[in-house]
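Subject: Structure handover

Dear colleague,

I am passing on a structure for you to look over. Below it you will find my notes on what turned up, going from the whole chain to single residues.

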Amino acid sequence: FIGDTVTVVQASISSDMYDLYLGMQNQAFAGGPFSVPPANVKGNLIADNNKKVLGFFSARDVSLGNPVIINESNFTPILPYPNF
């Protein structure tokens, strides 16, 4: 609507972090009475004895866009789809 302010915030994660989240989701919502036990999700942490441990270290990036104030010069109303 005219007078609104829009700010876009974009967060990103690495593809390895995405794979970790996807693996955790797949394990949480999978399985049945005859399923095999799940394996540990692959992480990237190593203990002092050089054995892999369950966990993941990740750095993230957040980008913040400039606020845009909607006015008559940048506003185009969305028209409803025509009935087919």
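The protein has a radius of gyration of 23 Å, whereas a compact globule of 84 residues would have one near 12 Å; the radius is taken over C-alpha atoms, and the globule rule is 2.2 Å times the number of residues to the power 0.38. Along the principal axes, the C-alpha atoms fill a box of roughly 65 × 40 × 15 Å.

Please keep in mind that this is a predicted model, in which local features need pLDDT of at least 70 and side-chain atom pairs count only at pLDDT 80 or more, while totals for chains, interfaces and linings use all residues. Residues are numbered from 1 along each chain as its sequence is written, and side-chain values use heavy atoms, with hydrogens and water left out.

Of the 84 residues, 6% count as buried, where buried means under 20% relative accessible area, exposed means over 50%, and partly exposed lies in between (1.4 Å probe, protein chains only). The accessible surface comes to about 7,800 Å², and 60% of that belongs to carbon and sulfur atoms; these areas come from the Shrake-Rupley method with a 1.4 Å probe, and for residues only the protein chains shown count as cover. Among the contacts with a separation of 6 or more, 59% are between residues 24 or more positions apart, a contact being heavy atoms within 4.5 Å.

The protein has one helix and six strands, and from the N terminus on these elements run β-β-α-β-β-β-β. Helices (H or I, at least four residues) and strands (E, at least two) are DSSP runs, numbered from the N terminus.

Helix 1 takes in residues 15-28, 14 residues in all, and reaches 20 Å from its first C-alpha to its last, close to the 20 Å expected at 1.5 Å a residue; the expected span is 1.5 Å times one less than the number of residues. L22 has its place in helix 1 and is partly exposed, with a relative accessible area of 33%. The C-alpha atoms of L22 and V41 are separated by 9.5 Å, and the two residues are 19 apart along the chain.

N50 has a positive phi, near 65°, in a residue other than glycine, and counts as exposed because its relative accessibility is 66%.

The loop between strand 4 and strand 5 holds G55, which counts as partly exposed at 21% relative accessibility. Leaving aside neighbours within four places in sequence, G55 is in contact with G43, N44 and L45. By contrast, 46 Å separates the C-alpha atoms of G55 and N74, which are 19 residues apart along the chain.

Finally, V62 sits in strand 5 (residues 61-64) and counts as exposed because its relative accessibility is 57%. With neighbours within four places in sequence left aside, V62 is in contact with V9, Q10 and A11. The C-alpha atoms of V62 and I13, 49 residues apart along the chain, are separated by 9.3 Å.
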